[in-house]
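Dear colleague,

Please find below the structure that I am handing over to you. My findings follow directly after it, arranged by region.

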Amino acid sequence: MKKHITDKKNGLDYTLVNGVYLSNLVSTETNYEIGHWGQRHLDYIMKHHKVFYTSLKTSCNLNSYLHEVEVRAKEMYDTLITQLAEKQGVTEQLKADNQMLWVQKMTNIANQAREIVYNEVIYAR
């Protein structure tokens, strides 16, 4: 018996182990670190889009998908912080002159940006 064979019907490779051919399955799942945004989106799809979640999980694409969500959300959040701070006149000069006012404004801006990212990326599919 041959050590390795390929099934022409399904395209899978098999290896002979103890008289039995076992398929050579290779996981295509990556191993990205998933941060805050990805975890929130994971919770959302597990609760509200179970079929989509199962499909990602069984096709070994869940980690890659969550990584893409993480990157997109982080980029959007950082861009929004910069744009909102500029639009509202929150500058380094304000930080030097009145730190408490600067902290209040930046906290408000961060909350606004977070809500936008949640609505546009995290809780959308």
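The term pLDDT denotes the predictor's confidence in each residue, on a scale from 0 to 100. It is needed here because the model is a predicted one, and pLDDT expresses the predictor's confidence. For the chain, the mean pLDDT is 91, and 96% of the residues reach 70 or more. Among the elements of the chain, helix H5 (residues 99–122) has the highest mean pLDDT, at 98, whereas strand S3 has the lowest, at 82.

I begin with the sheet. Three strands form an open sheet in the order S1-S2-S3, and their pairing is antiparallel. S1 and S3 are at the edges and have a single partner strand each, so one side of each is left without a neighbour in the sheet. On average, neighbouring strands of this sheet are turned by 35° against each other, direction ignored.

The two pairings can be described in turn. S1 (residues 4–6) pairs with S2 (residues 13–17) over three bridges, and Thr-6 stands opposite Asp-13 in S2. The hairpin of S1 and S2 has six residues between the strands, and Gly-11 in this hairpin takes a positive phi near 80°. S2 in turn pairs with S3 (residues 20–23) over four bridges, again in the antiparallel sense. Here Leu-16 stands opposite Tyr-21, and Thr-15 stands opposite Leu-22. The hairpin of S2 and S3 has two residues between the strands, with Asn-18 at a positive phi near 50°.

Lys-2 belongs to the segment before S1. Is Lys-2 buried or exposed? Its relative accessible area is 62%, and residues over 50% count as exposed, so Lys-2 is exposed. Lys-2 and Gly-38 are 36 residues apart in sequence, and their C-alpha atoms are 45 Å apart in space.

The largest nonpolar core has 28 residues, of which Val-117 and Ile-122 touch the most other members. Helix H1 (36–48), helix H2 (50–58), helix H3 (62–87) and H5 each supply at least two residues of this core. H3 provides the largest share, 10 residues. As general background, nonpolar side chains tend to be buried together in soluble globular proteins.

Which residues does Ile-122 contact, leaving aside its neighbours within four places in sequence? They are Trp-37, Arg-40, His-41, Tyr-44, Val-69, Ala-73 and Val-117.

Finally, H1 and H2 pack at an angle of about 115°, and their axes are 5 Å apart. On the H1 side, the residues that meet H2 are Leu-42, Ile-45, Met-46, Lys-47 and His-48. Their counterparts in H2 are Lys-50, Phe-52, Tyr-53 and Leu-56. By class, this contact of H1 with H2 has six nonpolar, one polar and two charged residues.

With kind regards

Conventions:
Residues numbered from 1 in each chain as written. Heavy atoms only, no water. Pairing = 2+ DSSP bridges. Axes fitted to C-alpha atoms, helices over the stretch in contact; angles between N-to-C directions. Core = buried A, V, L, I, M, F, W, Y, C linked by side-chain atoms within 4.5 Å. Buried < 20%, exposed > 50% of the residue type's maximum accessible area, 1.4 Å probe, protein only. Contact = heavy atoms within 4.5 Å. Nonpolar A, V, L, I, M, F, W, Y, C, P; charged D, E, K, R; others polar.
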